[in-house]
Amino acid sequence: MNKNAKELFLSMLRIRMVEEKIAALYSEQEMRCPVHLSIGQEAVAVGVCDHLANKDIVMSAHRAHAHYLAKGGNLNSMIAELYGKATGCAMGKGGSMHLVDLESGFFAAVPIVGSTIPIAVGVGWAFKLKKSANIVTVFLGDGATEEGVFFESLDFASLKNVPILFVCENNFYSVYSQLKVRQASDRKLSVLAESHGIKSFTGDGNNIDQVLRLTKEAIDYIKSKNSPAFIELDTFRWLEHCGPNSDDNLGYRKKGELDQWLKRDPIQAYKSKLIESQELSEEELAENIKSISVEIDNAFKFAKESCLLYTSPSPRDGLLSRMPSSA
């Protein structure tokens with residue numbers, strides 16, 4: 001995709017505004033599915049997907065909105081899916097945790113922790129067997145690295161030289177559990193990946209410039225060495241694990257920890273950088289916010305006015321046969 005700086009900023013801002021709208025309207029009880037919001041983590045999705053071609057495949061897990069939108073997924077279809085409508089990207093049958101957009105290369109989101117990882121490896125293996133130039137990127141959380149299938153997938157990907165990029169968004173919590181109660185203090189994901197022979201990169205997931213650089217290095221490695229790569233990016237979710245609310249009052253996070261991450265807002269930081277460099281003006285920003293707001297309002301209007309039933313043959317028939325075979 002290779003957006004310019006302003007486009008990268010607006011992509012992050014759009015994702016943030018979409019999820020803020022979801023949070024604002026969730027209490028209406030019309031979105032009858034759980035929602036796992038990515039507010040605070042937008043730089044990872046935008047930075048990684050900027051280096052992916054349309055025919056490169058992305059797969060995700062339960063917190064998938066940002067990945068879907070960053071890869072070019074249709075906003076109207078996503079919102080309609082949350083409302084359980086036939087015009088939704090999964091015909092209203094999956095909800096927030098089962099997003100899919102084949103046209104943009106967003107292959108699927110699967111909510112079972114760790115389950116998307118072997119599926120993505122399988123898709124990458126299919127690319128290799130077909131001698132395709134495409135790669136697969138799979139987003140996973142730190143909790144997924146505690147599942148046995150994570151290690152099995154790393155091993156197979158390394159053994160078979162699968163063209164896959166593993167991207168771990170480490171937000172330090174699995175629901176209410178901190179890393180220290182789930183993993184040994186000296187456990188390093190980069191070391192685990194390297195122990196399977198996989199090139200590993202680590203960085204700040206709230207710094208989009210760093211995400212862009214590391215992703216380019218990782219993809220260049222995959223394509224030049226015909227081997228998989230792994231990126232761990234530290235970031236933080238601002239809201240509750242599942243739902244539209246803040247849950248900092250529950251006390252499972254250290255006092256002041258959220259405040260520290262709020263100060264590291266990837267969107268605010270990039271906005272300040274662009275304004276300082278005069279690549280973006282306050283007037284342009286206001287115009288773009290207005291334009292994005294209209295787009296989001298129209299998407300929710302589309303979803304609410306869409307019908308519930310779908311009676312024609314499924315457009316998802318023959319899903320695997322439609323998988324891109326070349327760049």
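**Group meeting talk: a walk through the model**

Leu-154 touches Phe-166, Ala-193, His-196 and Ile-198, leaving out residues up to four places away in sequence. That is where I want to start. Keep in mind that this is a predicted model.

So where does Leu-154 sit? Leu-154 is in helix α6, which covers residues 148-159. Is Leu-154 buried or exposed? Buried: its relative accessible area is 0%. Now look at Leu-192. Leu-154 and Leu-192 are 38 residues apart in sequence. In space, their C-alpha atoms are 9.2 Å apart.

Next, step back along the chain to Thr-145. Thr-145 is in the loop between β3 and α6. Thr-145 has a relative accessible area of 0%, and the cut-off for buried is under 20%, so Thr-145 counts as buried. What does Thr-145 touch? Not counting residues up to four places away in sequence, the list is Leu-140, Phe-150, Phe-151, Cys-168, Gln-183, Arg-187 and Leu-189.

The largest pocket has a volume of about 420 Å³. Which elements supply at least two residues each? They are α5 (116-129), β3 (136-141) and β5 (173-174). The largest share comes from β3, with three residues.

Find Ser-96 in the loop between α4 (75-82) and β2 (106-109). Ser-96 is buried, at 0% relative accessibility. Setting aside neighbours within four places in sequence, Ser-96 contacts Cys-33, Pro-34, Val-35, His-36, His-65 and Leu-82. Pick out His-65 there. The side chains of Ser-96 and His-65 are joined by a polar contact of 2.7 Å. For contrast in position, take Asn-76. Asn-76 is 20 residues from Ser-96 along the chain, and their C-alpha atoms are separated by 13 Å.

On to helix α8. α8 has 18 residues. From first C-alpha to last, α8 reaches 25 Å, close to the 26 Å expected at 1.5 Å a residue. How does α8 begin? Asn-207 caps the N-terminal end, with a side-chain oxygen 3.1 Å from the backbone nitrogen of Asp-209.

Which residues of α8 are buried? Ile-208, Val-211, Leu-212, Leu-214, Thr-215, Ala-218, Ile-219 and Ile-222. What do they pack against? The partners are α1 (5-25), α2 (42-49), β4 (164-170), β7 (199-204), β8 and α10.

Just after α8 comes Asn-226, with a positive phi of about 55°. Asn-226 lies in the loop that leads from α8 (208-225) to β8 (229-234).

One last stop, with another positive phi. Gln-278 has a phi of about 65°, although it is not a glycine. Gln-278 lies in the loop between α10 (266-276) and α11 (282-305). Is Gln-278 buried or exposed? Exposed: Gln-278 has 74% relative accessibility, and the cut-off is over 50%.

To recap the stops. Leu-154 is buried in the model. Ser-96 is buried too, and its side chain meets that of His-65 in a polar contact. Gln-278 is exposed. Thanks, and over to you.

Definitions and conventions:
Residues numbered from 1 in each chain as written. Predicted model: local features only at pLDDT ≥ 70, side-chain atom pairs only at ≥ 80, totals over all residues. Heavy atoms only, no water. Helix = DSSP H or I, 4+ residues; strand = E, 2+ residues; numbered from the N terminus. Buried < 20%, exposed > 50% of the residue type's maximum accessible area, 1.4 Å probe, protein only. 1 Å grid on protein atoms, 1.4 Å probe; cavity = no way out; pocket = protein on both sides within 12 Å on 5 of 7 lines; lining within 4 Å. Points joined across faces, edges and corners; volume = space filled by probe spheres on them. Expected span 1.5 Å × (residues − 1). Contact = heavy atoms within 4.5 Å. Polar contact = N/O pair within 3.5 Å; in protein donor to acceptor, adjacent residues only side chain to side chain.
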